[in-house]
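Please prepare a briefing on the structure shown below, with attention to its strands, its pocket and a few single residues.

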Amino acid sequence: MGVGVNASVGGVGVDFLYGGGADDYWASRVSYGLSGLGINSEIGLSVNSNEAQLLDVSVSSGIFETSFEYDLSEEADGAYWARGVVNPFGNVHFLVGYDSNEEVLYGVGYKCNENFHFSTEFSSEDD
């Protein structure tokens, strides 16, 4: 069981999540978003009870979406994740991703409507 709270004013967002039970867990995120010329961008900083310190950046429009996440914590030793999604044919999208473990992620998906989509994702680490 858990509880989450978020608020956003003037492009600045604050999120907090707490999960109770046998293993208490919390996470918080501060972000800033900016939109213009049909392009949305956001930068955020997250921390959690597992000592992760994540910096994330995303840029999107109706045709593409890119995101990059970098773990600033000492334990992560420079871990990062990058992902890109392209929507060339309306509701069909293709994705590719890469991380600091040299793992490649790829897939394809379909957006049925604003509230429902499905996708397949494969990894170079899959057998």
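Which residue stands opposite Trp81 in E7? That place is taken by Glu69, in a predicted model where local features need pLDDT of at least 70, side-chain atom pairs count only at pLDDT 80 or more, and totals for chains, interfaces and linings use all residues. Residues are numbered from 1 along each chain as its sequence is written, and side-chain values use heavy atoms, with hydrogens and water left out.

**The sheet**

- An open sheet is formed by 10 strands in the order E1-E2-E3-E4-E5-E6-E7-E8-E9-E10, with antiparallel pairing; strands here are DSSP runs of E with at least two residues, numbered from the N terminus, and two of them pair if DSSP finds at least two bridges between them.
- Strand E1 (2–9) and E10 stand at the edges with a single partner strand each, so one side of each is left without a neighbour in the sheet.
- From one strand to the next, the twist averages 15 degrees, where axes are lines fitted to C-alpha atoms and angles run from 0 to 180 degrees between N-to-C directions.

- E1 and strand E2 (residues 12–19) run antiparallel and are joined by eight bridges, with Val9 standing opposite Val12 in E2.
- The hairpin that E1 and E2 form has two residues between the strands, and Gly10 in the turn has a positive phi of about 60 degrees.
- E2 also pairs with E3 in the antiparallel sense, over eight bridges, and here Val12 stands opposite Tyr32 in E3.
- Five residues lie between the strands in the hairpin of E2 and E3, where Gly21 takes a positive phi near 120 degrees.

- Strand E5 (residues 53–60) is joined to E6 by seven bridges in an antiparallel arrangement, and the two form a hairpin with three residues between them.
- Within this pair, Leu55 stands opposite Tyr70 in E6.
- Seven bridges also link E6 and E7 in the antiparallel sense.
- E7 and E8 pair in the antiparallel sense over seven bridges, and Ala82 stands opposite Tyr98 in E8.

**The largest pocket**

- The largest pocket holds about 360 Å³ of space; on a 1 Å grid over the protein atoms alone, a pocket is an open set of points where a 1.4 Å probe fits, with protein on both sides within 12 Å along at least five of seven lines, and lining residues have an atom within 4 Å of a point.
- Of the 20 residues that line the largest pocket, Glu65, Val85, Asn87, His93 and Lys111 are the closest to its centre.
- Two or more lining residues come from each of strand E6 (64–71), strand E7 (80–89), strand E8 (92–99), strand E9 (104–113) and strand E10 (116–123), and E10 gives the most, with four residues.
- The lining of the largest pocket divides into four nonpolar, 11 polar and five charged residues, with Gly counted among the polar ones.

**Single residues**

- Ser31, in strand E3 (residues 25–36), counts as buried because its relative accessibility is 7%, buried meaning under 20% and exposed over 50% with a 1.4 Å probe and protein chains only.
- Not counting residues up to four places away in sequence, Ser31 touches Gly11, Val12, Gly13, Glu42, Ile43 and Gly44, a contact being heavy atoms within 4.5 Å.
- Glu74 lies in the loop between E6 and E7 and counts as exposed, at 76% relative accessibility.
- The C-alpha atoms of Glu74 and Glu103 are separated by 21 Å, and these residues are 29 residues apart along the chain.

Key
Grid points are joined across faces, edges and corners, and a volume is the space filled by probe spheres set on the points.
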